[in-house]
Each structure stands twice: as C-alpha cells, then as structure tokens.
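Dear colleague,

Please find below the structure that I am handing over to you, followed by an account of what was found in it.

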Amino acid sequence: MFSTTKLRIVFFMFFFCSVFSVAHADQALANAKGCMACHQIDAEKVGPPFRMVAKKYQGQKDALAKLPSKVLDGGSGVWGEVAMPANKTLGVTKADATKLVAWVLSLK
Ligand code: HEC
C-alpha cells in the first residue's frame with residue numbers, strides 16, 4: 001500500500017503537471033493567434049504586458065465577460081492611444097478570445 005506521504009506526492013505531481021500543461025497550451029494558442037506579436041507576458045511591447053492586464057482586472061468579476069469582445073473588436077484608450085486591431089478579422093473566434101482572456105487573467 002502507498003503511504004499517505006507517497007499519495008500526496010503523486011497527487012501534487014499530477015496537479016502541477018496539469019496546471020503547467022494548461023498554461024502552456026494557452027500560451028501556444030496566443031502564439032498561434034498572433035497575440036504575442038504585440039503582447040509579452042512581463043514586458044510592454046505594442047500592447048500592455050499580460051501580467052499587468054491580469055493585475056488591473058484582478059477581482060473584477062465581469063472582466064471575463066467583457067474583455068473577449070474587446071479582443072474580438074479591438075479598441076483603444078484603456079492603456080494608451082495605441083489601438084488593438086479587431087482580432088476577429090484575423091481568424092480569432094469568440095471561443096478563442098474567451099480562452100485567451102481566461103489565460104491572461106490567470107497570470108499572477
Ligand atoms: C497589433 C497589436 C495587437 C495584437 C495583435 C493584439 N493586441 Fe491586445 N492590445 C493591443 C493594444 C495596443 C492594447 C491596448 C488597448 C487599449 O489601450 O485600450 C491591447 C490590449 C489588450 C487587452 C486589455 C484590454 C483592456 O481593455 O484592458 C487584452 C486582454 C488583450 N489586448 C488581449 C489580446 C489577445 C488575446 C490577442 C490575440 C488574439 C491580442 N491582444 C492581440 C495590441 C494588440
């Protein structure tokens with residue numbers, strides 16, 4: 001039989017592997033959809049760093065409802081004068097946008 005300690009280790013290994021692979025998959029999606037041409041996780045590029053976006057909307061329950069349409073339709077004025085283009089014309093679907101925003105907001 002496994003000891004409790006061994007079971008805990010196995011549990012945490014599964015936990016970390018699944019968290020890591022989810023985060024990895026969504027960054028791959030951001031790469032595939034061209035987000036990373038303008039965004040970086042920690043540094044400013046054309047748009048705000050994704051970690052800053054996560055910080056700004058931390059605790060705002062409606063962020064996940066509102067931000068996907070901003071990603072789809074584009075816009076400016078929240079972070080500066082530079083506009084984000086309408087990503088829906090670049091092959092980003094609503095499901096992609098929701099997944100990507102959920103990933104961005106999960107960054108700490
Ligand atoms: C051509 C450059 C460009 C691309 C490509 C781009 N963004 Fe942006 N993004 C920006 C800029 C510029 C802003 C700041 C807009 C503002 O100040 O309102 C921004 C803002 C954002 C915000 C914050 C919006 C807000 O109102 O606070 C999110 C979330 C975001 N982008 C996600 C994405 C995702 C996901 C993708 C890929 C599908 C993407 N961006 C692709 C330039 C880009």
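The protein chain has a mean pLDDT of 90, and 84% of its residues reach 70 or more; pLDDT is the predictor's confidence in each residue, from 0 to 100. This is a predicted model, in which local features need pLDDT of at least 70 and side-chain atom pairs count only at pLDDT 80 or more, whereas totals for chains, interfaces and linings use all residues. Residues are numbered from 1 along each chain as its sequence is written.

Overall organisation

The secondary structure of the protein chain consists of 4 helices and 0 strands, in the order α-α-α-α from the N terminus. Helices (H or I, at least four residues) and strands (E, at least two) are DSSP runs, numbered from the N terminus. Where pLDDT is low, the predicted coordinates should not be read in detail.

Of the 108 residues in the protein chain, 15% are buried. A residue is buried if 20 or more other C-beta atoms lie within 10 Å of its own, exposed if 12 or fewer, and partly exposed in between, with C-beta atoms placed from the backbone.

The nonpolar core

The largest nonpolar core has 11 residues: A30, C35, F50, V53, L67, V71, V92, A97, L100, V101 and V104. Such a core is a set of buried Ala, Val, Leu, Ile, Met, Phe, Trp, Tyr and Cys residues joined through C-beta atoms within 7 Å. Two or more residues of this core come from each of α2, α3 and α4, and α4 gives the largest share, 4 residues.

Helix α4 has 13 residues and spans 18 Å from its first C-alpha to its last, close to the 18 Å expected at 1.5 Å a residue (the expected span is 1.5 Å times one less than the number of residues). The buried residues of α4 are D96, A97, L100, V101 and V104. They lie on the same side of α4, because they cover an arc of only 125° around the axis; the arc is that of the directions from the helix axis to the C-beta atoms.

In α3, the buried residues are L67, P68 and V71. They cover an arc of only 105° around the axis, which puts them on the same side of α3. A65 and K66 are exposed on the other side of α3.

Helix α3 also holds A63, which is partly exposed, with 19 other C-beta atoms within 10 Å. The C-alpha atoms of A63 and A102 are 9.2 Å apart, although 39 residues separate the two in sequence.

The loop and the final segment

G91 lies in the loop between α3 and α4 and counts as exposed, because it has 10 C-beta neighbours inside 10 Å. L107 is in the segment after α4; with 17 C-beta neighbours inside 10 Å, L107 is partly exposed.

The surroundings of the ligand

There are 28 residues around the ligand, of which C35, C38, G47, W79 and M84 come nearest. A residue is near a molecule if its C-beta atom, placed from the backbone, lies within 6 Å of it. Both α3 (63-73) and α4 (94-106) supply at least two residues of this shell.

By class, the shell has 18 nonpolar, 8 polar and 2 charged residues. Ala, Val, Leu, Ile, Met, Phe, Trp, Tyr, Cys and Pro count as nonpolar, Asp, Glu, Lys and Arg as charged, and the others, Gly among them, as polar.

Yours sincerely
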